[in-house]
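The sequence and the structure come first.

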Amino acid sequence: MNHWKIDELDFFHFDHDRDRLNYNILITAGQIKNQFMDLLSPSDLTLTQFQVLQILDLQNGKAISTLHLRAQMLDKMSDTPKIVARLLKKGLVIKHTSGSDRRLVDIFLSEAGKNLLEQVLTSMREPRAYSFPLSQKEVHTLDQLLNKIRLTPPKKKRSYRKKIN
């Protein structure tokens with residue numbers, strides 16, 4: 001029985017290698033995101049909830065406001081108060097009104113949140129967690145290339161509008 005692996009990119013015509021690369025990165029990111037969500041499903045966490053727990057864990061027990069939390073998230077348009085409310089309901093975070101400004105809310109990671117985060121991170125470290133057919137050297141090289149893409153500021157676009165005096 002023959003199993004053929006089809007490359008979805010072969011169905012498209014790209015005029016430039018960079019166009020193919022951009023589309024390839026988008027497709028690959030979607031596949032990785034799906035694998036990641038599958039890993040999260042037993043813990044009953046969404047991707048954004050997991051990210052909030054990770055950000056809180058990096059605070060080393062210090063409080064962070066929902067405003068600062070949103071600034072560190074991948075999706076800056078996330079409804080941070082709603083995400084925090086859901087995590088609060090699950091007992092994974094602790095919420096305190098700021099003493100200096102009652103409009104600000106300080107968020108901490110609860111002990112249950114720390115434990116769940118550690119369980120998820122442990123399961124992610126298992127060899128079968130992701131299906132990446134890459135050697136350690138290839139993983140390192142790919143990581144460096146993706147960092148180079150992500151950390152390079154975009155070029156300014158030229159404005160072709162005529163200035164009116």
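Helix H4 lies across strands E2 and E3, and its axis runs at about 120° to that of E2. Axes here are lines fitted to C-alpha atoms, for helices over the stretch in contact, and angles run from 0 to 180 degrees between N-to-C directions. Helices (H or I, at least four residues) and strands (E, at least two) are DSSP runs, numbered from the N terminus.

The model is predicted: local features need pLDDT of at least 70, side-chain atom pairs count only at pLDDT 80 or more, and totals for chains, interfaces and linings use all residues. Residues are numbered from 1 along each chain as its sequence is written, and side-chain values use heavy atoms, with hydrogens and water left out.

**Overall composition**

The protein chain has six helices and three strands, arranged along the sequence as α-α-β-α-α-β-β-α-α. Of its 165 residues, 23% count as buried; buried means under 20% relative accessible area, exposed over 50%, and partly exposed in between (1.4 Å probe, protein chains only). The accessible surface of the chain comes to about 13800 Å², and carbon and sulfur atoms hold 55% of this area. These areas come from the Shrake-Rupley method with a 1.4 Å probe; for residues, only the protein chains shown count as cover. Among contacts with a separation of 6 or more, 44% are between residues 24 or more positions apart, where contact means heavy atoms within 4.5 Å.

**The sheet**

The three strands form an open antiparallel sheet in the order E1-E3-E2. E1 and E2 are the edge strands, each pairing on one side only. Two strands pair if DSSP finds at least two bridges between them. E2 and E3 are joined by five bridges, while E1 and E3 are paired over two. Asp106 of E3 is the bridge partner of Ser65 and also stands opposite His96. Ile107, likewise in E3, is the bridge partner of Lys95.

Which residues of H4 are buried? They are Thr80, Ile83, Val84 and Leu87. Seen down the helix axis, the buried residues of H4 fall within an arc of 95°, so they line one face of the helix. The arc is that of the directions from the helix axis to the C-beta atoms. An α-helix has 3.6 residues a turn, so residues three or four places apart point the same way. The cover over the buried residues of H4 includes H2, helix H3 (66-72), strand E2 (93-97) and E3. After H4 comes Gly91, which has a positive phi, near 80°.

The largest nonpolar core contains 24 residues, and those with the most contacts inside it are Leu45, Phe50, Leu53, Leu56 and Leu87. A nonpolar core is a set of buried Ala, Val, Leu, Ile, Met, Phe, Trp, Tyr and Cys residues joined through side-chain atoms within 4.5 Å. Two or more core residues come from each of helix H1 (17-40), helix H2 (47-57), helix H4 (80-89), strand E3 (105-109) and helix H5 (111-125). Leu87 touches Leu45, Gln49, Val52, Leu53, Leu92 and Val93, leaving aside residues up to four places away in sequence.

**Selected residues**

| Residue | Relative accessible area | Class |
|---|---|---|
| Gln51 | 14% | buried |
| Gln59 | 19% | buried |
| Leu47 | 29% | partly exposed |
| Phe12 | 44% | partly exposed |

Gln51 lies in helix H2. Not counting residues up to four places away in sequence, Gln51 touches Gln72, Met73 and Leu74. Gln59 sits in the loop between H2 and strand E1 (64-65). With the same exclusion of residues up to four places away, Gln59 touches Ile64 and Gln72.

Leu47 is also placed in helix H2. Beyond four places in sequence, Leu47 touches Lys33, Phe36 and Leu40. Phe12 belongs to the segment before H1. Phe12 and Tyr23 are 11 residues apart along the chain, and their C-alpha atoms are separated by 9.9 Å.
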